[in-house]
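Trainee: I would like to learn how to read surface patches, charged pairs and pockets in a model. Could you take me through them one by one?

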Amino acid sequence: MDGIRKAVEGIVLDPQLADILAIVKGARNGFTYGAKIRFPHALVMVLFRSGTLREKLKLVSKATFQHARNLATFATIYKTALLFLRNTSPEGKESSPHTFIAGLIGGYMVFGRGIQSSVNQQIVIYVFARVVLGLARLSVQKGGAIPREFRDRVTNNAWPVFAALSWAAVMWLYRWQPETLQPSLKSSMKYMYGLTHLVFTIRTIGIPLGHFCCRTSKHR
């Protein structure tokens, strides 16, 4: 066992294999992170659906594996492309365009080709939202696109305006163009806002009044 451990340590600590091991580690970390993020989310989303326990567990495992696999695949492609671009550049080192190109290649190959699942759509939408926020912060930093005299005003008012317009837009879309919304979002909004006009009954309110009345009468 000691011999095997020393051999493995020799491989791991070999500087010539550092780039290859970084790719392997990136794939491992992508898979681990994807599983950690998707499993509880999928469990909660599937828990209250109709179907047998076996069917629910199958859906949870499928979504978890797909999320983990795609992040691992992207990490592998991204780090491999980055290594190639760095080693073939005249300077022999990583530059700003390399990360953009490597991300472009990985994003297209993993998330951009063919018919995309809901898992992939959620990942891309999540990333896009974070990119927009990051670019917005970058625009108000020193040397950004926004002039200095307007920077403080934009910083103080950007989020309230963004939040208000986001909710205004999604409510308008739900009310007048619901087919354009993602199915899960449309279903959630229908439950919260679309079904509230129905006439209340004991069943639709969700309060077991009949059971409560029966118990009350027994104590009299």
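Mentor: Let us begin with the surface of this predicted model, where F100, I101, L104, I105, Y108 and M109 together make a nonpolar patch of about 610 Å².

Trainee: How many salt bridges does a search of the whole structure find?

Mentor: The general idea is that side chains of opposite charge can pair when their charged atoms come close. In this structure, the search finds 1 salt bridge, in which the side chains of D19 and R86 meet at 2.8 Å, N to O. The pair links distant parts of the chain, since D19 sits in helix α2 (residues 18-47) and R86 in helix α3 (residues 53-88), 67 residues apart.

Trainee: What is the volume of the second largest pocket, and which residues line it?

Mentor: In general, rolling a probe the size of a water molecule over the atoms shows where empty space is left. Here the second largest pocket has a volume of about 290 Å³, and its lining includes V132, L133, R137, I146, W159 and F162. The elements that give two or more residues to this lining are α5 (118-140) and α6 (148-176), with the largest share, 6 residues, coming from α5. By residue class, the lining divides into 9 nonpolar, 2 polar and 1 charged.

Trainee: How many helices and strands does the chain have, and what share of its residues is buried?

Mentor: The chain has 9 helices and 0 strands, so that its elements, read from the N terminus on, run α-α-α-α-α-α-α-α-α by the DSSP assignment. Of the 220 residues in the chain, buried residues make up 19%.

Methods: Residues are numbered from 1 along each chain as its sequence is written. This is a predicted model: local features need pLDDT of at least 70, side-chain atom pairs count only at pLDDT 80 or more; totals for chains, interfaces and linings use all residues. Side-chain values use heavy atoms; hydrogens and water are left out. A salt bridge is a side-chain nitrogen of Lys or Arg within 4 Å of a carboxyl oxygen of Asp or Glu. Helices (H or I, at least four residues) and strands (E, at least two) are DSSP runs, numbered from the N terminus. On a 1 Å grid over the protein atoms alone, a cavity is a set of points where a 1.4 Å probe fits but cannot get out, and a pocket is an open set with protein on both sides within 12 Å along at least five of seven lines; lining residues have an atom within 4 Å of a point. Grid points are joined across faces, edges and corners, and a volume is the space filled by probe spheres set on the points. Ala, Val, Leu, Ile, Met, Phe, Trp, Tyr, Cys and Pro count as nonpolar, Asp, Glu, Lys and Arg as charged, and the others, Gly among them, as polar. Patches are made of residues with over 30% relative accessible area and no salt bridge: like charges are joined within 9 Å, nonpolar side chains (Val, Leu, Ile, Met, Phe, Trp, Tyr) within 5 Å. Accessible areas come from the Shrake-Rupley method with a 1.4 Å probe; for residues, only the protein chains shown count as cover. Buried means under 20% relative accessible area, exposed over 50%, partly exposed in between (1.4 Å probe, protein chains only).
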